[in-house]
Amino acid sequence: MATNPMHQFSVHRIGPEIKISGIDFSFTNASLFMFISAVTIFVFLLLGTNEKKLIPGKIQLIAEMFYNFIAKMISDTAGSKAKPYFPFIFTLFVFVLFCNMIGMLPYSFTVTSHIIVTLLLAIFIFIAITVIGFMKHGLGYLKLFVPSGVPTLLLPLITVIEIISYLSRPVSLSVRLFANMMAGHTMLKVFGGFVISLGLLGGWLPLSFSVALTGLEILVAFLQAYVFAILTCIYLNDALNLHH
Amino acid sequence: MELEAAKMIGAGLAAISLAGAGVGIGIIFGNYLSGAMRNPSAAQKQFPNLLLGFALAEATGLFGLVVALIILFAF
């Protein structure tokens, strides 16, 4: 069973079975690793902001880098109006990043390689941004679907396309993260399986591939967290500054 | 044809989407390089956009993987 590259994604129960009105609330390895990521983030940021020195130490420096990175990203993509949403975007980015990175450790579990996790995050973002848009602009937010400067003849078609592209946002946002993480981890395990099956003589080539792929996967883990956060910023920009 | 065989063929066909992702990534990096060669001082500023474009183009290929997995496991 260990040679099956899909085996790493199986969710199994840890501890007692908890069922409330037919729905399974048991503690699984997925929830364990989500908990581990949350605790890691908490400890890391607590240590980073513990002693606020003028000349920062190592951990404080990294925490400040995170802060500056996200603050710059938000002001670049969504403007100054998006400042109040900084805590949300920061939480989102750090959570996805830590889930991806903790998943890169051997024998661990990647929470973001399950579509239910990413889809829930994406649907939450989608609903929140739609509500923000309607709150800021009222019914004028619907102008988002009617771009200006389009010939009247094409307008019905363009509007339908805009609405479909708006509604497909949560799907594309979640599937992008989930597919990247799942494909990468499957590929790593497939190459790991080659190392075992080729043995001592031929196993060195896939082993070196595996090392290179691990490097690529760490890049992808960071990149996907970044893309997830920056796309949220772009959607937020649509809702806050209505361009059309 | 048996259903099992048709599933395998369909999953294999879904891998064609990688061609599009490959073309997209090639265009992004090629155009970034040629732009960076013409104006090296502006290159650093556009690096985040390069990474964003890379991730977006790569993801479209991975949608094909999702299609393959749906064919193989969901039906």
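Student: What percentage of the residues in chain A is buried?
Tutor: Keep in mind that we're looking at a predicted model. Here a residue is buried if 20 or more other C-beta atoms lie within 10 Å of its own. Among the 244 residues in chain A, the share that passes is 26%.

Student: Which element gives the most to the largest nonpolar core?
Tutor: That core holds 47 residues. Elements giving two or more residues include α1 (29-48), α6 (169-202) and α7 (204-240) of chain A, along with α4 (47-74) of chain B. The top giver, with 13 residues, is α7(A).

Student: Okay, and which residues does F93(A) contact, leaving aside neighbours within four places in sequence?
Tutor: F93(A) is one of the core residues touching the most other members, together with F228(A) and A229(A). Contact here takes C-beta atoms within 7 Å. With those sequence neighbours set aside, the partners of F93(A) are I70(A), A225(A) and A229(A).

Student: What class are the residues on the side of chain B that touches chain A: nonpolar, polar or charged?
Tutor: Nine residues from chain A and eight residues from chain B take part in the contact. On the chain B side, no polar and no charged residues turn up, and the eight there are nonpolar.

Conventions
Residues are numbered from 1 along each chain as its sequence is written. Chains are lettered from A and ligands numbered from 1 in the order in which they are written. This is a predicted model: local features need pLDDT of at least 70, side-chain atom pairs count only at pLDDT 80 or more; totals for chains, interfaces and linings use all residues. A residue is buried if 20 or more other C-beta atoms lie within 10 Å of its own, exposed if 12 or fewer, and partly exposed in between; C-beta atoms are placed from the backbone. Two residues are in contact if their C-beta atoms, placed from the backbone, lie within 7 Å. Ala, Val, Leu, Ile, Met, Phe, Trp, Tyr, Cys and Pro count as nonpolar, Asp, Glu, Lys and Arg as charged, and the others, Gly among them, as polar. A nonpolar core is a set of buried Ala, Val, Leu, Ile, Met, Phe, Trp, Tyr and Cys residues joined through C-beta atoms within 7 Å. Helices (H or I, at least four residues) and strands (E, at least two) are DSSP runs, numbered from the N terminus.
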